[in-house]
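Visitor: Please show me the structure, and then let us go through its contacts one by one.

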2 protein chains.
Amino acid sequence: MLSKKTKYGLKALTYIARKEGESPVRVSEIAESENIPQKFLESILLTLRKSGVLGSKKGKHGGYYLRHEPSEIKMTDVMRVLEGPIAMVPCVSLNFYEKCDDCPDEEKCSVNKLMIQVRDNTLQVFRNTTLADLSSI
Amino acid sequence: MLSKKTKYGLKALTYIARKEGESPVRVSEIAESENIPQKFLESILLTLRKSGVLGSKKGKHGGYYLRHEPSEIKMTDVMRVLEGPIAMVPCVSLNFYEKCDDCPDEEKCSVNKLMIQVRDNTLQVFRNTTLADLSSI
DNA sequence: TGTATTTCCTATTAAATCGATAGGATTAAT
DNA sequence: ATTAATCCTATCGATTTAATAGGAAATACA
């Protein structure tokens, strides 16, 4: 299940991308327009900023803006920041690998085999999708 | 993230499939061999039985057995029983559809578009994989 | 018939995670 | 100064997850 954090984050990024070129976008504006609790959205955009996807400007006329072109912001990066590992199981994660404590041999593990396939297919989608794709129409 | 329930369930099914033809397999045997808490596994196999994937026999020499050939047990079915919806978001779920309360128009929702792609790719894997595939090797 | 063995069922619990809120500190424009 | 925005930390309630507990029901077999 996709967390609300990720869902809200993606919607907010899309909203900002659609306004690109203009001045920074206020959290309150996004929250209202996308029906997202403002305080919650604040914390989400903060993590996106800390991860380098967004930039921010404080004070009056402040807000958030994209650090790169929408076409250069890949879903792999956004998803890893917001949702964490793309793999469904740590033992097949590329960026967050962890051995299963119950599993003596990954080579022989049926779950491992299956989840590698799922991971590869999901990765393909996220690698080939950018914020520009989400924002069009 | 894949729940332990699903992980354990898949491992147990694989274990049973590899023994097919023999008599029912005891929970305690699976639990020990696969490092799964026995009581937890009991409840998992119970739901698999209630959903029609497994059959069971009580009492001495009892245990669980597959109701169909491994090659006829599709991952779509098993995953839906153990993990629930395959889609990451209810608004793109085929079997568990639910409208988002915050989203006025699914057609224009960027998250919706993206998650449909992920769902379709994941579905393709699960539709083309059977328990026989998991059990081989 | 009785005993051991196994699934079946319900309830409970401890811990983790999630979604959200609260309250104020900091920064910047005017 | 005042206003408006992000930034930061802490906390809370609800839900879910993983696991445990305790026994009821059924079956094989002596």
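Visitor: What percentage of the atoms of DNA strand D within 4 Å of the protein belong to sugar or phosphate?
Guide: This is a predicted model. The atoms of DNA strand D within 4 Å of the protein belong either to bases or to sugar and phosphate. The share of sugar or phosphate is 74%.

Visitor: Which residues come closest to DNA strand D?
Guide: DNA strand D is surrounded by 26 residues. By class, these are six nonpolar, six polar and 14 charged residues. The closest are Glu42(A), Arg49(A), Ser56(A), Tyr64(A) and Lys39(B).

Visitor: Which element gives the most residues to the surface near DNA strand D?
Guide: Both chains take part: H3, strand E1 (54-57) and strand E2 (63-66) of chain A, and H1 and H3 of chain B, each supply at least two residues. Five residues come from the element that gives the most, H3(A).

Visitor: How far is the side chain of Lys39(B) from a base oxygen of DNA strand D?
Guide: A backbone N or O atom of Lys4(B) is 3.1 Å from a phosphate oxygen of DNA strand D. On the base side, a polar side-chain atom of Glu42(A) lies 2.7 Å from a base nitrogen. For an N or O atom in the side chain of Lys39(B), the distance to a base oxygen is 2.4 Å.

Visitor: How many residues of the surface near DNA strand C are charged?
Guide: Helix H1 (4-18) and helix H3 (38-50) of chain A, and helix H3 (38-50), strand E1 (54-57) and strand E2 (63-66) of chain B, each supply at least two residues of this surface. H3(B) gives the most, with five residues. Sorted by class, the surface has seven nonpolar and six polar residues, and the charged ones number 14.

Visitor: How much area do chain B and chain A bury between them?
Guide: The size of an interface is often given as the accessible area lost when the parts come together. The contact takes 37 residues from chain B and 37 residues from chain A. Carbon and sulfur atoms carry 64% of the buried area, which is about 3,200 Å².

Visitor: How many salt bridges does the rule find across the interface of chain B and chain A?
Guide: Side chains of opposite charge can pair when their charged atoms come close. One salt bridge joins Lys7(A) and Asp102(B), at 2.9 Å from N to O. Lys7(A), Lys11(A) and Asp102(B) are linked in a network of salt bridges. Across the interface of chain B and chain A, the count is four.

Visitor: Why does the salt bridge of Lys7(B) and Asp102(A) join two chains?
Guide: The closest N and O atoms of Lys7(B) and Asp102(A) are 2.9 Å apart. Lys7(B) lies in helix H1 of chain B and Asp102(A) in the loop between helix H4 (75-82) and helix H5 (110-127) of chain A, so the pair joins two chains.

Visitor: Are Lys7(B) and Asp102(A) buried or exposed?
Guide: The cut-off for buried is under 20% relative accessible area. By that rule, both Lys7(B) and Asp102(A) are buried.

Visitor: What is the relative accessibility of Lys108(A)?
Guide: Lys108(A) meets Asp105(A) in a salt bridge, 3.7 Å from N to O. Asp105(A) is partly exposed, with a relative accessible area of 27%. Lys108(A) counts as exposed, and its relative accessibility is 56%.

Notes: Residues numbered from 1 in each chain as written. Chains lettered and ligands numbered in written order. Predicted model: local features only at pLDDT ≥ 70, side-chain atom pairs only at ≥ 80, totals over all residues. Heavy atoms only, no water. Helix = DSSP H or I, 4+ residues; strand = E, 2+ residues; numbered from the N terminus. Nonpolar A, V, L, I, M, F, W, Y, C, P; charged D, E, K, R; others polar. Contact = heavy atoms within 4.5 Å. Buried area = accessible area lost by both parts, 1.4 Å probe. Salt bridge = Lys/Arg side-chain N within 4 Å of Asp/Glu carboxyl O. Near = heavy atom within 4 Å. Polar contact = N/O pair within 3.5 Å; in protein donor to acceptor, adjacent residues only side chain to side chain. Buried < 20%, exposed > 50% of the residue type's maximum accessible area, 1.4 Å probe, protein only.
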